[in-house]
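Student: I would like to go through this model and ask what stands behind the labels given to its parts.

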Amino acid sequence: MESATPVIVAIDGPAGTGKSSTSKAVAAQLGLSYLDTGAQYRAITWWMVNNGIDIDDPAAIAAAAGKPEIVSGTDPQGPTITVDGVDVSGPIRTQEVSSKVSAVSAVPEVRVRITELQRSIAACAATGIVVEGRDIGTTVLPDADLKIFLTASPEARAARRSGELKGADVHSTREALIKRDAADSSRKTSPLAKADDAVEVDTTELTLAQVIECVVTLVEEKRAGK
């Protein structure tokens, strides 16, 4: 189904709230492009690790921020991401990258580089786009047509994330999520935050199908009123 009116949708929230699954499904259902901004930060982190950049040295990260070529495919049915022509969709999901992405993404030069990339992708989306991340509605696309902030209890998020990680300990997953939230919310540049005009959706008690239905309705209402 082609979207009648191009619409830019920003979906933010912490890990484990169902952002990726919801965003992909909504984009596919409504004929929109899809962008996982977290994958871009993971991709640049993967490149830093692979190229021996000291993750504990913000100056070294800043100096290298412009080097890797990151390309994101925006088909919600099969989103892709490459770094310097290499498919990194698998490698960027490792625990090693997960544990370092907050440090890399906190460096202002990295955020400037990736934010510019995200804005250019959104600007080129002819039918509209669903962009998911942590600072989309506040920083990357403050003029998005619709902003949604997904939340869930730490317990629900940990249960979902440990299920995704196949057998991971729920308690340690919960602790890791809370630590990540603190790092993302307290960083000086583009912290994780809910935009003033965002619609908050608490997914704790909802099934994925219910979350998708809720967001699709919000997008359709916004599009009808444009």
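Student: Where does leucine 146 lie, and what makes that stretch a strand?

Tutor: Leucine 146 lies in strand E7, residues 146-151. Strands are DSSP runs of E with at least two residues, helices are runs of H or I with at least four, and both are numbered from the N terminus. The model is predicted, so local features need pLDDT of at least 70 and side-chain atom pairs count only at pLDDT 80 or more, while totals for chains, interfaces and linings use all residues. Residues are numbered from 1 along each chain as its sequence is written, and side-chain values use heavy atoms, with hydrogens and water left out.

Student: Why is leucine 146 called buried?

Tutor: Its relative accessible area is 7%. Buried means under 20%, exposed over 50%, and partly exposed in between, with a 1.4 Å probe and protein chains only. Leucine 146 therefore counts as buried.

Student: Which residues is leucine 146 in contact with, leaving aside neighbours within four places in sequence?

Tutor: They are Ile8, Val9, Ala10, Val199, Leu218, Val219 and Lys222. Contact means heavy atoms within 4.5 Å.

Student: Why does threonine 203 count as buried?

Tutor: Its relative accessibility is 1%, so threonine 203 is buried. Threonine 203 sits in the loop between strand E8 (199-202) and helix H9 (208-224). Beyond four places in sequence, its contacts are Thr17, Leu150, Thr151, Ala152, Arg160 and Val211.

Student: What makes a set of residues a nonpolar core?

Tutor: The members are buried Ala, Val, Leu, Ile, Met, Phe, Trp, Tyr and Cys residues joined through side-chain atoms within 4.5 Å. The largest such core has 35 residues, of which Met48, Ile70 and Val110 touch the most other members. Helix H2 (37-50) and helix H5 (108-123) are among the elements that give two or more residues to this core. H2 gives the most, with 7 residues. Another core, of 19 residues, lies apart from it and includes Val9, Ala27, Leu30 and Ile212.

Student: Why are H2 and H5 called oblique to each other?

Tutor: They pack at an angle of about 140 degrees, with their axes 11 Å apart. Axes are lines fitted to C-alpha atoms, for helices over the stretch in contact, and angles run from 0 to 180 degrees between N-to-C directions. Under 35 degrees counts as roughly parallel, over 145 as roughly antiparallel, 65 to 115 as roughly perpendicular, and the rest as oblique. H2 and H5 are therefore oblique.
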